[in-house]
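Hi,

Here is the structure I promised to pass on.

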Amino acid sequence: MQLRFNRTNSEIDQMIDDLMQKAGGVHHPEQTREMIIAALKAGQDTSYLADLKLLSNTMKEMRYTTTVFAPYRNKKKVTIFGSARTSPEEEMYQKCIKFSRLLADKGYMIITGGGGGIMQAGNEGAGSEASFAANIKLPFEQSANPIMLKNPRLITYKYFFNRKVAFVKESDAIAVFPGGFGTLDEAMEVFTLVQTGKTSPKPLVLVDDEEGYWEHFFRFIKERLLVMGFISAEDFSIFTITKSYEEAVQVIDDFYTNYHSIRFVNGDLIIRLTKVLTPEQIEMLENEFPELRLEGSRIELISARPEEADEPDLLDLPRISLRFHHQHYGLLIAFIRRLNTF
């Protein structure tokens with residue numbers, strides 16, 4: 001039988017409905033039904049066992065990720081990347097401890113890779129109760145650090161891609177300390193996701209050492225990528241480089257001064273705020289960021305759209321809407337920083 005996601009599967013649809021009712025406690029049954037259909041279709045379409053194992057393990061890992069993070073949905077979190085080989089005696093290890101401790105004092109929780117080096121420093125500074133660890137199974141280097149070893153917020157992944165989803169999806173900001181291939185891979189993915197709008201806008205802070213690890217990186221970006229036209233000048237809004245852990249915390253904190261979150265509804269970009277903008281402030285934003293809007297459109301004060309009813313805790317927030325030009329996600333970061341000054 002050729003299964004379909006719409007309700008044309010006759011008795012199979014009824015059996016799935018009965019199964020969910022029998023299991024009980026199923027939230028959003030239509031979405032759950034589609035996942036069951038997808039699993040059945042995978043079983044029909046795929047005879048190669050390794051592929052089915054990958055699909056199954058991916059679903060299990062992501063389900064567990066959601067379970068661990070769900071109770072802390074309303075707590076802001078910062079993901080910290082950096083080298084597993086940084087020792088406790090080094091400047092950057094101690095700087096990371098101070099950075100994460102200051103964030104925890106301000107009410108943030110910390111997400112690290114759960115290993116040693118900068119990851120351990122992040123968990124150490126925040127403390128076990130304010131920490132998550134997204135560990136990875138490796139034949140070397142990566143075992144859970146002692147702060148997170150028996151923590152209920154320790155998740156050990158088989159697949160890097162699931163781990164990367166957790167790092168970005170669950171965080172409100174990213175801080176990257178100097179590191180090797182893995183650190184650069186994680187940083188570049190966040191650059192790409194923000195630049196292309198595949199993740200919500202969030203501050204990305206590159207915390208530098210005294211030798212200018214990130215300054216060298218910035219020089220390469222400016223002198224090669226920008227000059228050769230591979231990126232645009234507005235993409236420099238995506239990140240901030242600083243040697244000061246206090247400034248790094250301030251950059252993260254300031255990003256949420258007025259900005260709360262975004263959502264697209266029927267082609268409109270909805271920006272939720274913590275306080276209402278005045279008509280004069282909206283006019284200033286329109287004049288300063290004309291490229292952000294599609295031609296002929298305006299920035300408007302609106303109330304919550306009916307489509308936002310699935311986020312009931314956000315319905316009372318003030319918001320603005322605009323017809324967004326999707327080539328300007330770097331500029332959107334600058335726009336958010338500007339509206340945070342009001």
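**Notes on the model**

Thr183 counts as buried, because its relative accessibility is 4% and the cut-off for buried is under 20%. Keep in mind that this is a predicted model.

Thr183 sits in helix H7, which covers residues 181-195. Leaving aside residues up to four places away in sequence, Thr183 touches Phe81, Gly82, Ser83, Val176, Phe177 and Pro178. Phe81 is 102 residues away from Thr183 along the chain, yet their C-alpha atoms are separated by 6.0 Å. With Gly82 there is a polar pairing as well: a polar atom of the Thr183 side chain lies 3.4 Å from the backbone oxygen of Gly82.

Is Gln120 buried or exposed? Gln120 is buried, because its relative accessible area is 19% and the limit is under 20%. Its contacts, again without residues up to four places away in sequence, are Tyr93, Gly115, Asn145, Pro146 and Ile147.

Next, a pair of helices. H4 (residues 91-105) and H9 (residues 245-255) have axes that come within 9 Å and cross at roughly 35°. The crossing of H4 and H9 is right-handed. On the H4 side, the contact is made by Lys95, Lys98, Phe99, Leu102 and Leu103, while H9 brings in Tyr245, Glu246, Ala248, Val249 and Ile252. What kinds of residues make up this contact of H4 with H9? Seven are nonpolar and three are charged, with no polar ones.

- E9 (residues 268-273) pairs with E11 in the antiparallel sense, over four bridges. Arg272 has Arg319 as its bridge partner in E11.
- E10 (residues 300-302) also runs antiparallel to E11, and that pairing has three bridges. Here Leu301 has Ile320 of E11 as its bridge partner.

Cheers

Notes
Residues are numbered from 1 along each chain as its sequence is written. This is a predicted model: local features need pLDDT of at least 70, side-chain atom pairs count only at pLDDT 80 or more; totals for chains, interfaces and linings use all residues. Side-chain values use heavy atoms; hydrogens and water are left out. Axes are lines fitted to C-alpha atoms, for helices over the stretch in contact, and angles run from 0 to 180 degrees between N-to-C directions. Helices (H or I, at least four residues) and strands (E, at least two) are DSSP runs, numbered from the N terminus. A crossing is left-handed if the near helix is turned anticlockwise from the far one by less than a right angle, and right-handed if clockwise. Contact means heavy atoms within 4.5 Å. Ala, Val, Leu, Ile, Met, Phe, Trp, Tyr, Cys and Pro count as nonpolar, Asp, Glu, Lys and Arg as charged, and the others, Gly among them, as polar. Two strands pair if DSSP finds at least two bridges between them. Buried means under 20% relative accessible area, exposed over 50%, partly exposed in between (1.4 Å probe, protein chains only). A polar contact is a pair of N or O atoms within 3.5 Å; within protein, one must be able to donate a hydrogen and the other to accept it, and residues adjacent in sequence count only if both atoms are side-chain atoms.
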